Amino acid sequence: MKKIVFATNNKHKLDEIRKISEGKLEILSLNDINCRTDIPETGTTLEENALIKARFVKDNFGYDCFADDTGLEVKALDGAPGVYSARYAGEDCRAEDNIRKLLTNLEGISDRHAAFRTVIALLIGDEQYFFEGAIHGKIIDEKRGESGFGYDPVFVPDGYGQTFAELGEDTKNNISHRAIATTKLIRFLLKME
């Protein structure tokens with residue numbers, strides 16, 4: 001089975017990607033390669049941030065690897081929080097703070113259309129590739145559900161009546177933005193073998 005490094009310090013993302021790719025790829029974490037650095041995300045787009053993280057691992061550790069960046073893009077907020085989704089309420093904020101800020105900014109707004117978008121940057125040898133996944137839905141007024149992470153308790157994907165946090169990991173890992181992008185990545189890597 002092909003091994004590849006996933007350049008993330010986010011345990012939730014690592015668990016999701018490992019479940020999505022189970023039996024197809026062996027995903028190594030930064031911890032597995034003794035990388036203890038919190039790689040800064042200084043880009044202004046999802047593509048730039050994903051590439052920064054992958055490039056750091058490739059340049060400093062030599063491994064073929066991939067990294068992702070994900071953003072929640074809310075139509076009524078001109079695409080915010082977007083690339084700043086993880087730190088929407090400030091640098092050292094928690095998911096709860098981000099959700100609170102999002103719901104406050106959407107008070108009185110009826111158009112709640114939103115999309116989660118993930119971009120994966122893959123570095124193999126001297127080549128770089130990008131894979132994208134998106135899922136559309138809406139933001140609800142209050143948190144619902146216990147599973148997932150980030151904005152999952154307030155995001156209801158199109159075609160469903162429950163939030164990502166209510167749908168549970170198995171359903172989310174079949175339909176999510178990250179699942180779509182990861183499936184494209186897996187197909188590409190398996191074709192290369």
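A quick definition to start: a residue is buried under 20% relative accessible area, exposed over 50%, and partly exposed in between, using a 1.4 Å probe and protein chains only. This is a predicted model, where local features need pLDDT of at least 70, side-chain atom pairs count only at pLDDT 80 or more, and totals for chains, interfaces and linings use all residues. Residues are numbered from 1 along each chain as its sequence is written, and side-chain values use heavy atoms, with hydrogens and water left out.

**Exercise 1. Work out whether Asp78 is buried or exposed, and find where it sits.**

Step 1: Asp78 has a relative accessible area of 77%, so it counts as exposed.

Step 2: Look for its place in the chain. Asp78 is in the loop between S3 and S4. Helices (H or I, at least four residues) and strands (E, at least two) are DSSP runs, numbered from the N terminus.

Step 3: Check the backbone. Asp78 has a positive phi, near 55°, and is a residue other than glycine.

**Exercise 2. Compare the span of H2 with the expected one, then find what its buried residues pack against.**

Step 1: H2 covers residues 46–61, which is 16 residues. The expected span is 1.5 Å times one less than the number of residues.

Step 2: List the buried ones: Leu46, Asn49, Ala50, Lys53, Ala54, Val57 and Lys58. They cover an arc of only 165° around the axis, so they sit on the same side of H2. (The arc is that of the directions from the helix axis to the C-beta atoms.)

Step 3: These buried residues pack against strands S1 (2–6), S3 (65–74) and S5 (113–124). Contact means heavy atoms within 4.5 Å.

Step 4: See what comes next. Gly62 follows H2, with a positive phi near 85°.

**Exercise 3. Find out which residues of H1 are buried, and what they pack against.**

Step 1: Lys13, Leu14, Glu16, Ile17 and Ile20 are the buried residues in H1.

Step 2: Looking down the axis of H1, you'd see them within an arc of 165°, so they line one face of the helix.

Step 3: Their packing partners are S1, S2 (25–28), S3, H5 and H6.

**Exercise 4. Say where Lys172 is and which residues it touches.**

Step 1: Lys172 is in helix H5, residues 169–175.

Step 2: With a relative accessible area of 3%, Lys172 is buried.

Step 3: Leaving out residues up to four places away in sequence, Lys172 touches Glu16, Phe149, Asp152, Phe164 and Ala179.
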